[in-house]
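Q: Could we go through this one together? I'd like to get a picture of how it is put together.

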Amino acid sequence: MRKVSFALVLLTLAFSAAALEKDKLTLSTYFNAEFGFHLNEPDQLMKKYTSLQLKGTFDFTREVSLYFNLKKYYDFVYDVAGQYKNGSAKTATNAGNLWLREIFLDYQHQPFFLRAGRQQVVWGTADGVRLLDCINPADNRYANLDDAAEYRIPLWMLRFEFTPITDGNLQFLLIPDHEPNFNAGYGDVFVYRVANRPPPVLPPWVTYQIVDNLPADGFDDPDFAVRWQQVLNGWEYSLNYKYGREFYPSVTVRQIPFPPPAPPTPWTLQLTRNYQRTQVIGASFTKAINTGRLSGLTIRGECTYTLDKPYPTGADGNATGNTTQNTFAYVLGLDKYLFTDLLASVQFIQYINQDDQVASGHLLHPATLAPINKVENMATVKLSKDFLNERLKSEVLAVFGGNGDWRVSPRVSYEVNDRLTIYGGLHYFAGRANTLFGEFEKSSMIYTGATLAF
Amino acid sequence: MRKTRWLLLIVMAAGMALAGEVPKPKEGMSVDQLIDVWYQIQFTRFARDYTSNNKVILIDRGKARRERQGYRARIILQQHGIDYKDYVAFVSPAAVKGVATLTWSYLDPEKEREQWLYLPSLKKARRTSPANDDDSFMGSVFTVEEITSWRPSYETYKLVGVKKFPGYKSEYDGKTYYAGDDCYLIEAFPRRQTTLRSRRTFWLRKSDGCCLFQEVFDKNGKMYKTLFRSYQLVGPNSYPTQIIIEGKDLRTGDVSIVVNEEIKFDQGLKENIFSVENLQKMKW
């Protein structure tokens with residue numbers, strides 16, 4: 001509440017000052033409406049989404065400026081679609097103060113830079129795969145099908161940068177705010193398998209209790225992160241370190257008291273969510289090949305070594321314990337324009353765990369609760385091309401999981417005029433029900449929408 | 001031999017740039033030297049740095065009009081292998097506001113540019129493969145090469161003679177420009193086999209070397225595009241500067257216009273403005 005009050009004070013200050021100096025204020029408004037339908041049953045609605053977004057900047061001085069991004073949305077699908085009426089409707093609208101997407105003050109005085117407020121910080125070179133992009137949690141309620149800037153949950157933090165040499169930059173982040181990932185609940189549209197089960201039906205003498213042990217916000221035990229980034233002889237590289245917490249919980253279930261008394265004496269089934277301390281050590285690079293036969297090819301990559309990454313353990317679909325592992329993951333990507341203006345981009349991703357079996361059972365995927373292998377592979381292919389003087393844009397993204405599951409998402413958009421863009425596409429998922437993409441097979445969606453910006 | 005000649009020209013150009021002198025055509029100059037004068041003017045290589053606000057107007061055959069506005073900054077370094085660094089950010093319309101590119105161009109004309117793109121939808125500065133020279137520049141009828149990446153070494157040249165420019169009526173402001181100005185008419189033949197054109201012409205004004213007009217011909221020898229440029233002398237050093245760049249695709253009837261406004265030279269811009277970390281500080 002204090003943070004929101006602080007944000008409102010900043011906004012009031014900016015708008016009051018803007019009344020005197022209008023040229024220092026810029027404002028843009030975005031209105032978006034999108035409809036989604038089941039691919040297999042096109043008469044069944046999956047999404048009836050409307051959003052209004054206001055973005056703006058105000059320059060107090062040459063060195064101090066403010067940025068804000070406010071967004072309110074509502075998905076009417078839970079009001080009109082019978083299939084989802086009994087869902088948790090977590091997807092229906094912004095929860096809490098998530099309408100305040102971003103608000104921060106910048107102070108720039110070379111070689112120093114400070115950004116204070118609610119913000120997103122993006123590390124890494126991978127597209128759509130979040131290894132080094134580990135600073136902000138994710139709003140997964142639309143299965144990360146929307147833009148990354150929309151599904152990242154901004155955090156309150158201090159971002160301090162020091163540029164001691166040209167093209168070399170040290171970044172330090174102090175993050176007193178902790179938010180977990182935000183996932184759809186049982187009965188919603190895009191629900192991970194881990195959450196896609198009804199609450200347990202318990203006898204009347206048993207109380208079901210959920211305890212969410214969210215770390216306290218504040219500077220007593222904050223997260224922090226450091227990055228060195230440099231461009232040297234055409235190689236762009238970064239070295240990264242984050243001392244933080246995992247954004248998804250480790251869940252433990254307890255019977256209180258234990259052992260539970262005989263019926264009808266009441267007892268409590270308590271589900272506790274804890275957020276594990278982790279450390280991420282990482283690096284990234286990009287290199288554009290400038291000469292020779294491969295000229296125009298861009299190579300990029302990133303890797304992370306995560307200490308104490310939490311995993312549920314047990315058998316397929318049934319988590320009975322928890323463990324932590326030190327895990328290694330990397331992405332290698334290639335981009336090149338082919339035939340003048342067809343942009344092709346491919347990525348190979350590999351996750352390497354210490355073990356796939358521990359004493360408490362098989363290592364399980366936190367989202368699908370499917371057993372995961374010691375080495376898991378993924379790949380992505382993206383093609384994009386513009387037509388009609390970049391008025392008509394087309395792209396197709398295919399993502400292949402390592403367990404025979406995949407997703408393909410073609411999309412076209414057309415710029416009707418400077419203010420109005422219409423678009424349409426589909427997300428087709430395939431695979432077994434316990435795989436990352438296969439779990440959404442019945443949620444394959446065809447969609448269309450329009451964005452009005454002014 | 002050819003490479004050595006171009007290297008000498010680059011060194012010469014660097015010398016001129018350091019001196020801040022604006023090159024002009026002189027009697028007895030070879031066609032390659034005349035083209036180099038135009039190269040210096042097109043990219044204002046005599047200035048140390050440059051900023052402007054730009055308007056890109058795209059008009060299709062049905063007269064539907066789209067407009068983009070942006071901010072551009074460039075610093076000419078000519079050291080450590082880097083020729084210049086260029087930064088472009090869109091400020092309107094709202095749909096593309098915040099999109100920005102950073103380009104580093106090398107002194108070696110054979111070396112491909114480095115490019116980064118900031119996309120508000122990702123909140124990320126991402127290294128990209130530079131667009132192909134024949135690709136459209138921001139959806140306009142101009143190619144990337146015509147606006148940003150052209151180097152004299154990409155073509156061979158033939159001086160046709162000195163001719164009077166017939167004049168050009170601008171679609172942007174309706175004025176007729178430069179009728180009767182004496183121009184060197186030069187034909188240019190691309191070295192790249194893959195390019196779409198067979199040749200193009202340069203109408204270089206005899207008095208100052210500014211290229212007023214270009215005609216571009218396809219592989220069958222048919223003219224398919226024209227480019228017009230208007231100029232003003234800007235700043236205390238009176239640098240010849242492009243104000244309107246107007247392109248017409250004669251096959252489709254599409255017209256694209258770039259208008260440069262609020263142009264400033266030699267403000268002492270710092271090189272770190274043209275860095276990846278600065279691109280990552282974008283707010284939008």
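Chain B and its partner

A: Among contacts in chain B between residues at least 6 apart in sequence, 49% join residues at least 24 apart, a contact being two residues whose C-beta atoms, placed from the backbone, lie within 7 Å.

Q: What kind of model is it, and how are things numbered?
A: This is a predicted model, where local features need pLDDT of at least 70 and side-chain atom pairs count only at pLDDT 80 or more, while totals for chains, interfaces and linings use all residues. Residues are numbered from 1 along each chain as its sequence is written, with chains lettered from A and ligands numbered from 1 in the order in which they are written.

Q: How many residues of chain B are in contact with chain A?
A: There are 38, and they meet 46 residues of chain A.

Q: Which element of chain B gives the most to that side?
A: Strand E6(B) does, with three residues, and strand E2 (65–79) and helix H4 (276–279) of chain B also supply at least two each; helices (H or I, at least four residues) and strands (E, at least two) are DSSP runs, numbered from the N terminus.

Q: Changing topic, which residues have the most contacts inside the largest nonpolar core?
A: Ile135(A), Leu173(A), Val189(A), Phe190(A) and Leu364(A) do, in a core of 45 residues. Such a core is a set of buried Ala, Val, Leu, Ile, Met, Phe, Trp, Tyr and Cys residues joined through C-beta atoms within 7 Å, and buried means that 20 or more other C-beta atoms lie within 10 Å of the residue's own.

Q: What does the second core include?
A: This separate core of 36 residues includes Leu204(B), Phe213(B), Ile244(B) and Val258(B).

Definitions and conventions. Buried ≥ 20, exposed ≤ 12 C-beta atoms within 10 Å, placed from the backbone.
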